[in-house]
Amino acid sequence: MIGPMEIMIGITALAALFSTAATYLAVTEKDLVKAVIYSAIQSTIYAFIYYMLMAPDIVLVYIPVAVGLYPAVILVLIRKTERWEKD
Amino acid sequence: MKRLVGLVVIILFILAFSLLLVVAGGSIVPGREVRGLARVYLNTSYNPWSPYFTVNSPESVTSVVWDYRGLDTVFETMVFYLAIIGSIALARGYRKYIPAKLDYSKLGLSVIVKTVTRITAPLIIIVAASIALHGHLTPGGGFQGGATGAVAPLLILIIFSQYYLIRRGVRKESMLIVRSLGLTGIGITAIAVFLAGLVAGVHAYVLQNQAKATAPVSAPAYIDNQLISGTLWFFNIFEFFAVLAGFTIVLLLLTIPERAYQGGGGE
C-alpha cells in the first residue's frame, strides 16, 4: 500500500540521489563556473529536501545563503582569480 | 566519459547501500510519534495555562533559539560578528577609489536587468522584513530575514555596480554602525529583564523572557493586544539589522576593484 507519506519520502530520496550526482559533478568539474552552478543545483535540491522533512526555518536560511550569497561570493572570487582548475 | 562512469558507480553504490539498509533493518524509518523532549517544547512554547514555563510564542523553533537556549544564540551571533571583523581586517589598506568621471548609466548590466532589479530588490527587502518581524509567529527569524535581505544589496552590487550603492550612503563605515547598533540592541535586550528585576528589587535572570516561579518579572508578551512574545521580537529585529549589515559589508569588500588596494595589481 503506497500512501502519501511513502510518495513524499520516495520523492525526497530521489531528490537526495540527484543531489549526490550534482555534488560529484561539482567536485570533478574543471571549469569552476560550471562547478559553482552544479553546487547551486545541489543546494536547491537540499532546500527542497529540508522542506519535505518539515524544517521550514532551515529552508528560509538555506535558500538565500546557499543558493544566493554563496555562489555569488564564489563567482566573484573566480572572477578575481582564474576560471580553470589545473591538474 | 570517465566522470560518467564514476557517477554511475556512485549512484549504484548508494542504491545498493539503501537496499541493504532497508533489508537489514525494518526499523530505520523514524517513528511518527513525538519524542518526550519535543513534547515538552511543543506543550510549553505557547501555553497561557502554565505561565511559569511558557514563552508565549507559537513558533517553537524561535522559542528554543532565543529563549530556551538564548545564550547559545548570543554566542553564535558573536561568532558571526568575529567572522565579519576578520574579513574587514583582511581588506585593510585599501583607499577610496572612485574614478573621477563616472557615467552611472554606463555602469553595470543592461537596462532590462536594471529595470527588473528596481522592481524585485524592494520586494526582497519587504519579504525579509516580514520574515524577521513575524519570526515569533511563523517560521523565520532574525538571521533568516537578514540573510534574505542581503540578497538585495548583492543584486544591486552586481547589476548596478558598487558605486551606485556607495553614492547612496551604503558604505562600509555606515553598515558597520548599523551592525554595531544591532549588536548593542541584542545585548541590551538580553539584560533588559534583569535590569527591570534590579529596579523592582526582585530576583531576575540575564536572558530571561517570561516570568518564572522564582523570578516574577517578564518582558511584555503583548503590545496593544498584538503578540510580540516578550524579548523574541526585539531579538529578531536587532539580529535582522546586524546580519543584513554584516553580509552587506562582506559583499562590499569583495567587490572592491583591485586597483583600490595599495601596491595591488591594476595601474
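Q: Which residues make the nonpolar surface patch of about 710 Å²?
A: Good place to start! In this predicted model, the patch is made by B:M1, B:L4, B:V5, B:V8, B:V9, B:L12 and B:L15.

Q: Where is B:M1 placed in chain B, and is B:M1 buried or exposed?
A: B:M1 sits in the segment before helix 1 (2-24) of chain B. Exposed means over 50% relative accessible area. B:M1 has a relative accessible area of 78%, so B:M1 is exposed.

Q: How do I read the size of the area buried between chain A and chain B?
A: The size of an interface is often given as the accessible area lost when the parts come together. Here, about 2,200 Å² is buried between chain A and chain B, and carbon and sulfur atoms give 75% of that area. On the chain A side, A:Y24, A:D57 and A:L69 lose the most area to chain B, together 28% of what that side buries.

Q: How many residues of each chain are in contact?
A: In chain A, 22 residues are in contact with 27 residues of chain B.

Q: Which residues form a salt bridge, and how many salt bridges are found across the interface of chain A and chain B?
A: The rule finds 1 salt bridge across this interface. A:E29 pairs with B:R3 in a salt bridge, and their closest N and O atoms are 3.3 Å apart.

Q: Which elements of chain A give two or more residues to the side that touches chain B?
A: They are helix 1 (4-28) and helix 3 (56-80) of chain A. Helix 3 of chain A gives the most to that side, with 13 residues.

Methods
Residues are numbered from 1 along each chain as its sequence is written. Chains are lettered from A and ligands numbered from 1 in the order in which they are written. This is a predicted model: local features need pLDDT of at least 70, side-chain atom pairs count only at pLDDT 80 or more; totals for chains, interfaces and linings use all residues. Side-chain values use heavy atoms; hydrogens and water are left out. Patches are made of residues with over 30% relative accessible area and no salt bridge: like charges are joined within 9 Å, nonpolar side chains (Val, Leu, Ile, Met, Phe, Trp, Tyr) within 5 Å. Accessible areas come from the Shrake-Rupley method with a 1.4 Å probe; for residues, only the protein chains shown count as cover. A salt bridge is a side-chain nitrogen of Lys or Arg within 4 Å of a carboxyl oxygen of Asp or Glu. Helices (H or I, at least four residues) and strands (E, at least two) are DSSP runs, numbered from the N terminus. Buried means under 20% relative accessible area, exposed over 50%, partly exposed in between (1.4 Å probe, protein chains only). Contact means heavy atoms within 4.5 Å. Buried area is the accessible area (1.4 Å probe) that two parts lose on being put together, summed over both.
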